Amino acid sequence: AQGHGIRVLCRPGREDAVDHPAEGPAEIHIGDLTDTPSLAGFLADCDLLLHLASAHDHIDDQTMRDINVGGTEALVNEAKRSAPDLHFWVISSAVIGAPVYSYYRDTKRIQEKLIRGSGINWTSFRPTLVYGVGDQRHTAPLLRQCSAPKGTIWLPHDRSLIHI
């Protein structure tokens with residue numbers, strides 16, 4: 001609606017899963033975070049990357065590492081190569097201070113370290129509240145209240161950590 005183009009990284013065979021915005025179709029780049037050569041050109045002419053891809057505890061540790069760590073490293077390298085002025089935003093939903101060990105949490109920590117040490121502009125958003133289907137008693141009303149229109153929120157996007 002504001003005139004920005006949208007490019008989506010889509011795994012081969014998943015093109016139909018892309019929900020195109022009402023303002024026009026998103027450009028689809030076929031690739032996979034675990035296949036570095038497939039990312040070539042994905043970030044060309046981009047000024048913002050919103051990195052949402054993540055593998056969770058429901059898959060084996062090696063695949064989780066390949067996606068969360070290796071995929072992030074591949075995106076950072078592609079950004080340095082083809083979009084050096086890009087702002088790299090990542091959603092890092094791991095609870096960093098959780099008392100229970102989680103390999104997922106470790107991969108998200110490494111992911112943040114890769115981005116922080118990359119030299120590119122970055123912002124890591126750490127949601128403090130994650131909820132699922134059926135959580136209508138406490139979380140959903142709170143989120144509806146928080147999301148009520150109240151103006152604009154300015155977000156820094158150069159080497160910062162934001163708890164949301």
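How do H1 and H2 lie to each other, roughly parallel or roughly antiparallel? I looked this up first. H1 and H2 are roughly parallel (angles under 35 degrees count as such).

I noted the source. This is a predicted model, where local features need pLDDT of at least 70, side-chain atom pairs count only at pLDDT 80 or more, and totals for chains, interfaces and linings use all residues. Residues are numbered from 1 along each chain, and side-chain values use heavy atoms, without hydrogens and water.

**Helix packing.** Helix H1 covers residues 61-82 and helix H2 residues 103-116. The packing angle is about 10°, and the axes are 9 Å apart. Axes are lines fitted to C-alpha atoms over the stretch in contact, with angles from 0 to 180 degrees between N-to-C directions. The contact (heavy atoms within 4.5 Å) includes Met64 and Val69 of H1 and Tyr104 and Leu114 of H2.

**Salt bridges.** I found three. The rule asks for a side-chain nitrogen of Lys or Arg within 4 Å of a carboxyl oxygen of Asp or Glu. Glutamate 27 meets arginine 7 at 3.1 Å, N to O. This pair joins strand E2 to strand E1, 20 residues apart in the chain. Arginine 81 meets glutamate 78 at 2.9 Å. Both are in helix H1, about one helical turn apart. Arginine 81 is exposed at 55%, whereas glutamate 78 is buried at 6% relative accessible area. Buried means under 20%, exposed over 50%, partly exposed in between (1.4 Å probe, protein chains only).

Conventions
Helix = DSSP H or I, 4+ residues; strand = E, 2+ residues; numbered from the N terminus. Parallel < 35°, antiparallel > 145°, perpendicular 65-115°, else oblique.
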